[in-house]
Amino acid sequence: MDPVTCANGIGLAPCQAVYGALLYYDIASSEVSPGMAESFSSEDGKVWTLALRPGLTFTDGTPFNAEAVAFNWQRILDPKMLSPSMAAAKSISWSVVDETTLTVTATEVNHQLPFMLTESLAFVGSPTAITQKGADFGNSPVGAGPFVMTSWARGTEMVLDRNPGYWDQPRPYVDRVVVKTIPADDQRFNALQSGDVNVMMVSGAKYPSRAKNAGMDLVSTNLLGGQGVRLSSRGALADPGVRRAVGKLIDNDQIMAAVFPDDAVADHFIPEGNPLHDETAVWPDNDVAGAQKLIDEYRARNGGGDVVLSYVTTAGSPSLTQVAELLQAQLEQVDGLKLEVKPLDGAGFSSALISGNYDLILNSLGGAHPDNLYKVFHTKGSSNTAGYSDPIVDQALETTHSSNDPIVVNEAYKTAIRQIIDTTAYHFWRPSVSTLITPTSVHGVEPAYQYWFRPELAWVQK
């Protein structure tokens, strides 16, 4: 819950509730909108002006001002913090102009820079509390957002109470939000039906279909990428042939038929109807013989021993355990290729993802903004923990920053996606469709980030 480590995908949800965000990305409109900041503007994509809302204060009374933003961003640069946002902070410099204004200068022209202020650089904690609490600040955070964290039983639930001093009154509308960790979809749905849960997030069609038949409300949105694996570019996977072999062995149809039979199979990187859809951006055909040849060639060049890879997944979900078992069986169709499954709890999984301590890891790119591709796959991307580096991808993604022409930008994204597939940097079997299910008494639930909604907008009709 420390602002410097919020942007790891998992942490975005509670951090947004406690800290708010400088800016928000509206998935429906594909636009960046004001948050704790009133605006973030530039004429050339290089020099930007960040204008904060006047009169904001943290819940401990500390002013939420330009100095506070600068203080938080400076912490991100501290190597001891191991911040996933460090690359984003390194890509800019900043100076405080006055109480509510900062000048932000990008090292290179970047017309996508506002997106960083919705995730990587979005969250600002109280400098006073950070200084006083030190390393313990992430366990008892102090923000200026819509809610205050009252209690946190790790791995079970987090209780967030309404911040009466939040700037956007009468929001938040609800007095309390309780975030519960329930790994299994069926258990979550049972909790929703019994009234123990008011909002359930799920990927896939099975439970939304049941909920619709039960007269519940649904809000669905397509996110970027899908549920699959990100591959490291280290160790044996530094070899392009080994990565291609893995890509030839993953059988999307088998995984979906066995584990998610009600859902569509991911056959394209971007679904039809999206401006970035590309008919040629498809996964390779299954080819066990071709994969065997690539592994044999790699072993011959490297001493002949088995290629042993690890797969990091989250523990506690029956469906994800089944996926891991299928993935293991698929890869081990090839003689000399072994896959070790490592299920981890939330904290362990997050640590592995941030540190890059994996060969394959369960992954969904998260969010809907295509600049996530830069974060994950550019050599200098803030979330590129796999060590992936490809000159074609780098050049294409740099074009998405340097150009302000939507046509040029979209074509550059398509080029990057094709190369990401060709180099087997990421392979997913299940499209990322995020659905929020609520009873008809709950309103204002709008998708935000990955598997999350903005709780300050939600309200309950009694």
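**Fold, sheets and cores of a predicted chain**

Gln395 is found in helix α14, which spans residues 391–402; helices (H or I, at least four residues) and strands (E, at least two) are DSSP runs, numbered from the N terminus. The model is a predicted one, in which local features need pLDDT of at least 70 and side-chain atom pairs count only at pLDDT 80 or more, while totals for chains, interfaces and linings use all residues. Residues are numbered from 1 along each chain as its sequence is written, and side-chain values use heavy atoms, with hydrogens and water left out.

Gln395 has a relative accessible area of 56% and is therefore exposed. In this scheme, buried means under 20% relative accessible area, exposed means over 50%, and partly exposed lies in between (1.4 Å probe, protein chains only). His378 is 17 residues from Gln395 along the chain, and the C-alpha atoms of the two are separated by 8.8 Å.

The chain as a whole has 15 helices and 19 strands. Along the principal axes, the C-alpha atoms fill a box of roughly 65 × 55 × 40 Å. Of the 462 residues, 55% count as buried. Among contacts with a separation of 6 or more, 66% are between residues 24 or more positions apart, where contact means heavy atoms within 4.5 Å.

In soluble globular proteins, nonpolar side chains tend to be buried together. A nonpolar core is here a set of buried Ala, Val, Leu, Ile, Met, Phe, Trp, Tyr and Cys residues joined through side-chain atoms within 4.5 Å. The largest such core has 64 residues, and Leu22, Leu50, Phe64 and Trp73 touch the most other members. When neighbours within four places in sequence are left aside, the contacts of Leu50 include Leu22, Ala37, Val69, Trp73, Leu102 and Leu117. A second, separate core holds 39 residues, among them Val229, Val246, Phe260 and Ile361.

Ser91 lies in the loop between α3 (86–90) and β5. This residue counts as buried because its relative accessibility is 18%. Beyond four places in sequence, Ser91 is in contact with Thr105, Ala106, Thr107 and Met116.

Another open sheet has three strands in the order β7-β8-β9, paired in the antiparallel sense. Strands β7 (147–153) and β9 (176–180) stand at the edges with a single partner strand each, so one side of each lacks a neighbour in the sheet. From one strand to the next, the twist averages 20°. Strand β8 (residues 157–162) is joined to β9 by five antiparallel bridges, and the bridge partner of Leu160 in β9 is Val177.

Strand β14 (residues 360–363) is covered on both faces: Leu360 and Leu362 on one side, and Ile361 and Asn363 on the other, are all buried. Four bridges join β14 to strand β11 (residues 217–231), and the two run antiparallel; here Leu231 has Leu360 as its bridge partner. The pairing of β14 with strand β12 (residues 307–314) is parallel and has two bridges, with Val312 opposite Ile361. Ile361 also belongs to the core of 39 residues, as does Val246.

Val246 is one of the buried residues of helix α8. This helix (residues 240–249) is mostly covered, with seven of its 10 residues buried. At the start of α8, a side-chain oxygen of Asp239 reaches to within 2.8 Å of the backbone nitrogen of Gly241.

Terms used. Polar contact = N/O pair within 3.5 Å; in protein donor to acceptor, adjacent residues only side chain to side chain. Pairing = 2+ DSSP bridges. Axes fitted to C-alpha atoms, helices over the stretch in contact; angles between N-to-C directions.
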